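I opened the model to look up a few residues and their surroundings. These are my notes, in the order I made them.

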Amino acid sequence: MTFNTAESVTLKIWDRASLHETLDSAVSDLSSRHNTTTCRIAVHCSGPNTFTLSVRGDEPALAL
């Protein structure tokens, strides 16, 4: 199950074996759609087996 909005994607992932692969793919897809780096994509566990990925706003850059 997938829900899309302009700035976020919500995924219901049932297969635990493919959890990391599915999330990595979704992060890459969302970052390319918004022409940004993958580190600007936030991943939240929003329920059982449910993850919401969103493009972070214009927060100041992290200091290295």
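I started with the contacts of Cys45: setting aside neighbours within four places in sequence, Cys45 is in contact with Thr50 and Phe51. The model is predicted, and I read every entry here with that in mind. I placed Cys45 in strand 3, residues 41–47. I then looked up its accessibility: Cys45 counts as exposed because its relative accessibility is 59%, and the cut-off for exposed is over 50%. I also checked Cys45 against Leu11, which lies 34 residues away along the chain, and found 9.7 Å between their C-alpha atoms.

Next I turned to Thr52, which sits in strand 4, residues 50–55. Is Thr52 buried or exposed? Its relative accessible area is 18%, so I noted Thr52 as buried; the limit for that is under 20%. I found a polar contact of 3.2 Å between the side chains of Thr52 and Thr10. Beyond four places in sequence, the contacts of Thr52 include Ser8, Val9, Ala42 and His44.

I then looked up the largest nonpolar core and found 12 residues, among them Val9, Leu11, Phe51, Leu53 and Val55. Strand 2 (8–12), helix 1 (19–33) and strand 4 each supply at least two residues of this core. Helix 1 gives the largest share, five residues.

Not counting residues up to four places away in sequence, Leu53 touches Glu7, Ser8, Val9, Leu11, Leu23, Ala26, Val27, Leu30, Ile41, Ala42 and Val43.

How values were computed. Residues are numbered from 1 along each chain as its sequence is written. This is a predicted model: local features need pLDDT of at least 70, side-chain atom pairs count only at pLDDT 80 or more; totals for chains, interfaces and linings use all residues. Side-chain values use heavy atoms; hydrogens and water are left out. Helices (H or I, at least four residues) and strands (E, at least two) are DSSP runs, numbered from the N terminus. Buried means under 20% relative accessible area, exposed over 50%, partly exposed in between (1.4 Å probe, protein chains only). A polar contact is a pair of N or O atoms within 3.5 Å; within protein, one must be able to donate a hydrogen and the other to accept it, and residues adjacent in sequence count only if both atoms are side-chain atoms. Contact means heavy atoms within 4.5 Å. A nonpolar core is a set of buried Ala, Val, Leu, Ile, Met, Phe, Trp, Tyr and Cys residues joined through side-chain atoms within 4.5 Å.
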